[in-house]
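Here are a few notes to read alongside the model.

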Amino acid sequence: MQNNEEVLLKVEHLCQYFGSGQFVTKAVDDVSFDIKKGEVFGLVGESGCGKTTTGRSIIRLYDITSGNVYFKGIRTCAGTGAYRKNILEAKKEYKAKIDAASDAAEKDRLKKELDAYVAEQKKELKVASYDQKNCDKDYQLQQAAAVKAKYLPLLEKASGAEKAQLQAQYKDELRKAKKTRLTTQIQMIFQDPIASLDPRMTVREIIAEGLVIQGERNQEVIDKKVYEMLELVGLVREHAGRYPHEFSGGQRQRIGVARAIIMNPDLIIADEPVSALDVSIQAQVINLLNELREKFGLTILFIAHDLSVVKYFSDRIGVMYFGKMVELASSDELFAHPLHPYTRSLLSAIPLPDPEYEKKRKRIVYNPLAEHDYSVDKPSLREVSPGHFVQCNEAEYQEILKQLNK
Ligand SMILES: Nc1ncnc2c1ncn2[C@@H]1O[C@H](COP(=O)(O)OP(=O)(O)OP(=O)(O)O)[C@@H](O)[C@H]1O
Ligand SMILES: [Mg+2]
């Protein structure tokens, strides 16, 4: 369950578009949510709605189109698209205004106004690019400052042998602080356990890769850690020398988990870690994630395409449809009061082991064109009750409030 209210990850107006011009795919379009420390956040939606793209954007596999991602309060992703768009639009708007203005003084004033706006947007754009590139460096500075703040007063008071010991500790921690990287503290378990493991690498090499990249050279330390991880995920030491094709799907998924956990991450993005597996193995992998979560206080972004998988595992759930977040609420609230028609449709698809219920169960089909009229009144994500957000326009919002107050 949720430990506290500290926000670990904040996703703000995330957009990830592919292609350009006429052929642009808005894989993720203005998605915002946050994940608190210790929480499991479920992200659900049908195939192609942008769940994986959201995860991959957060771990910086893409340069996002626009929006921001903050991890531990530091901006790790910053899209520049919005600023560029603002500049283009302002130029167009002001050109029309300037052409229409009659006297020279007015034209001059408008031009100056435009220049000031463009300069401000360019500045924001520069800061965004800088932040995206330097988030690891900023984090290292922050960590080093924290170590200094902890040790310097202690060192001042200490003397003799105690001081020497403290000095050594201080140096060691400072060295570590300067080497830690913020971005490796988010790890992803990829959707496809076959494609995400290099077939030419042994399991040992796959699991240890992150450590090696981070600069660990001591083979003994690496082996020890790899064995520890293998045991943790329910595999055995002897598996370390084998290649991925020698494993079953469930075992491969466990290798993916071990590869993520070895980096000692704070946040794990588990992208449909169980959908390729059969039901009994699904339960095993979910139990494993649950255990790890309790053991290491992990925070998890759990991606799935059907609600039944995330129901018991997630504290809060976000429902995505065609690149947009259409509903976001706590797990219990979402199941008790689903408000968006797409969420209702997803819920109606869940079979229950109850013949009476199954006889009566009606599958609700979601047809956005028939459900909403967004031609004039545009939708946005609105909070309809504390912590419960629904994508709706003003008319729908009023309707929902009426329903809830009944
Ligand atoms: N690298 C890419 N280039 C172009 N289009 C892409 C790329 N990656 C994803 N897309 C498109 O973005 C949309 C969202 O894809 P995404 O993989 O995020 O969906 P998903 O919700 O994870 O689906 P699934 O449940 O099938 O895994 C799809 O229409 C897809 O075709
Ligand atoms: Mg996916």
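1. How many Å separate the centres of domain 1 and domain 2? Taken over C-alpha atoms, the centres of the two domains are 28 Å apart. The bounds, which come from an automatic or database domain assignment, are 7-85 + 185-340 for domain 1 and 86-179 for domain 2.

2. A word on the basis: this is a predicted model, where local features need pLDDT of at least 70, side-chain atom pairs count only at pLDDT 80 or more, and totals for chains, interfaces and linings use all residues. Residues are numbered from 1 along each chain as its sequence is written, while chains are lettered from A and ligands numbered from 1 in the order in which they are written.

3. Between the domains, 10 residues of domain 1 are in contact with 14 of domain 2 (contact: C-beta atoms, placed from the backbone, within 7 Å). On the domain 1 side, β5 (74-78) gives the most, with 5 residues. Helices (H or I, at least four residues) and strands (E, at least two) are DSSP runs, numbered from the N terminus.

4. Do look at helix α7 (residues 249-261): 10 of its 13 residues are buried, so α7 is largely enclosed by the rest of the structure. Buried means 20 or more other C-beta atoms within 10 Å of the residue's own, with C-beta atoms placed from the backbone. Among the buried residues are Arg-252, Ile-255 and Arg-259. Their cover includes β6 (186-189), α5, α6, β7 (267-271) and α8 (279-296).

5. Finally, α5 meets α6 through Arg-204, Ile-207, Ala-208 and Leu-211 of α5 and Ile-222, Lys-225, Val-226 and Met-229 of α6.

Methods:
Two residues are in contact if their C-beta atoms, placed from the backbone, lie within 7 Å. A residue is buried if 20 or more other C-beta atoms lie within 10 Å of its own, exposed if 12 or fewer, and partly exposed in between; C-beta atoms are placed from the backbone.
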